[in-house]
Amino acid sequence: MDFSNYYQKFWPAAFLLAIMTCALACSKDDAKPFPPLSQVSGDCPINMSYEVTTAAFTQAADQDEQTELTPAEQVLAYPTFTRCSVDVCIEVNGTMSASVQMLALENEPNYPKGTIGLPVIPDKYMVDRVEINGGTATHYNSQGEVIETQILGDASSIDFYSKIIEDMVDFVPLNAEQMSWVIEGFKEAGFDMTPINDDLEMLTQPFADGSYSKVVLDKKLRVIRGQADYDPSGKLLTKSSMTFTGEAENPIVTGHKFVAYLTSPYSQKRMAMTRRSRIENFSLTKNQ
């Protein structure tokens, strides 16, 4: 069975869903590795594993206004870090399952308990691992007890990250000539296509309510490199970008950045909520 197109269509959603889960959980001081999914449930058609380190922080969108924030808001500018190991299985029918093991931080700051601005979580409710299966994410502590179960797609739990997942679902499995046809097709259909350089082209996609998105296409790697979303007045709502290594036939994600903007209810300043992720030790196995 040829998994090339199938892989390109489905792996980004599973990949970013696991990043999201890691970012929502808390880093562990003593990680307890567990068997990868491929050993637990048999060989997967597509199996991925990688480690991801995420820094999260919030600051004034305009750096000149940072000192005008309240003391509590200024504390949010200090980044907090999470690190985890991810194992993902994608079945032939497109269903995905994943295991996320929290890891100890290496070179990143691991603030001591009681640091101002950090959430205070009893050890019993510290997440040690997360298992994702059938649209449900189950969180466990280090004793193997269930802390929480979430239905993925519930806006209350993952709406903040929905844009990240959308970024890479439409992975473009085209050759160079086909990519050129797609870009020309957008132009002929009346879409605004703006060259950035020899490799990058920006598509402006308008919506019925007056809002719009700007999507950056990489013609060399044939992937979506970034996206910015605007409201009808032209105000930037979210932006995201991906970094890659490798060739067009096998691009490997090395990093992700996501920023969401909001107005603070306290200082009334426009704030930027930022998450940066570093991806390491990426491995892909396709069992045909």
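Student: What percentage of the 288 residues of the protein count as buried?

Tutor: The share is 44%, where buried means under 20% relative accessible area, exposed over 50% and partly exposed in between (1.4 Å probe, protein chains only). This is a predicted model, in which local features need pLDDT of at least 70, side-chain atom pairs count only at pLDDT 80 or more, and totals for chains, interfaces and linings use all residues. Residues are numbered from 1 along each chain as its sequence is written, and side-chain values use heavy atoms, with hydrogens and water left out.

Student: Why is Gly226 called buried?

Tutor: Gly226 has a relative accessibility of 11%; the limit is under 20%, so Gly226 counts as buried.

Student: Where do Ser213 and Gly226 lie?

Tutor: Ser213 belongs to strand 9 (residues 212–218) and Gly226 to strand 10 (residues 223–230). Strands (E, at least two residues) and helices (H or I, at least four) are DSSP runs, numbered from the N terminus.

Student: What makes the pairing of Ser213 with Asp229 a polar contact?

Tutor: Their side chains are 2.5 Å apart. A polar contact is a pair of N or O atoms within 3.5 Å; within protein, one must be able to donate a hydrogen and the other to accept it, and residues adjacent in sequence count only if both atoms are side-chain atoms. The side chains of Ser213 and Asp229 therefore make a polar contact.
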